[in-house]
Amino acid sequence: DSCEIFPLEPPGYVCPLSIQQKCAAFPYRPVICRGDGITGNKAFSFERLHHRLHDVSERLFLDLNGAPLQGDLLFPVTQVVSGKFVQAYFDFLARADNGSR
C-alpha cells in the first residue's frame, strides 16, 4: 500500500498522498499507482495503457472545449494532487485562444 517514487518527478520525490509511507487515497489512487508492481506481467503494457488514456483525454478535451487538443497537456502528480493543474490548464486554453497553441 506504500506509494513509490514517480519516475517523472525529481529525485527524492515523495507522493503528497503518502502519509507514514502509506497511500492516503489507496482505494482511489491514480492509474499509474494501480500499475505499480505489475511491470513483470507481460500481458500488461504501460505503453498501451498510456496510449488508451491519451485517446480518452483527447476525446474529453474535444467534448469540453469544442476543439481538438493540439500539443501536449501533461501534469505532474504534484500539480494534480494540489490542484495547481487547474491554473496550467486555463493558461493552456488562454494561449490556444491567442493562437499560440
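**Reading the backbone and the core**

Reply: Start with Gln21, which lies in the loop between strand 1 and strand 2; strands (E, at least two residues) and helices (H or I, at least four) are DSSP runs, numbered from the N terminus. This is a predicted model, where local features need pLDDT of at least 70, side-chain atom pairs count only at pLDDT 80 or more, and totals for chains, interfaces and linings use all residues. Residues are numbered from 1 along each chain as its sequence is written, and side-chain values use heavy atoms, with hydrogens and water left out.

Me: What phi does Gln21 have?

Reply: Most residues other than glycine have a negative phi. Gln21 is not a glycine, yet its phi is positive, about 60°. Gln20, in that loop between strand 1 (18-19) and strand 2 (22-23), also has a positive phi, about 55°.

Me: Is Gln20 buried or exposed?

Reply: Buried means under 20% relative accessible area, exposed over 50%, and partly exposed in between (1.4 Å probe, protein chains only). Gln20 counts as exposed because its relative accessibility is 75%. Gln21 is exposed at 62%.

Me: Which residue just after helix 2 takes a positive phi?

Reply: Gly66, with a phi of about 70°.

Me: Which residues form the largest nonpolar core?

Reply: Nonpolar side chains tend to be buried together in soluble globular proteins. A nonpolar core is a set of buried Ala, Val, Leu, Ile, Met, Phe, Trp, Tyr and Cys residues joined through side-chain atoms within 4.5 Å. Here the largest has 5 residues: Phe61, Leu69, Tyr89, Phe92 and Leu93. Helix 4 (residues 85-97) supplies the largest share, 3 residues.
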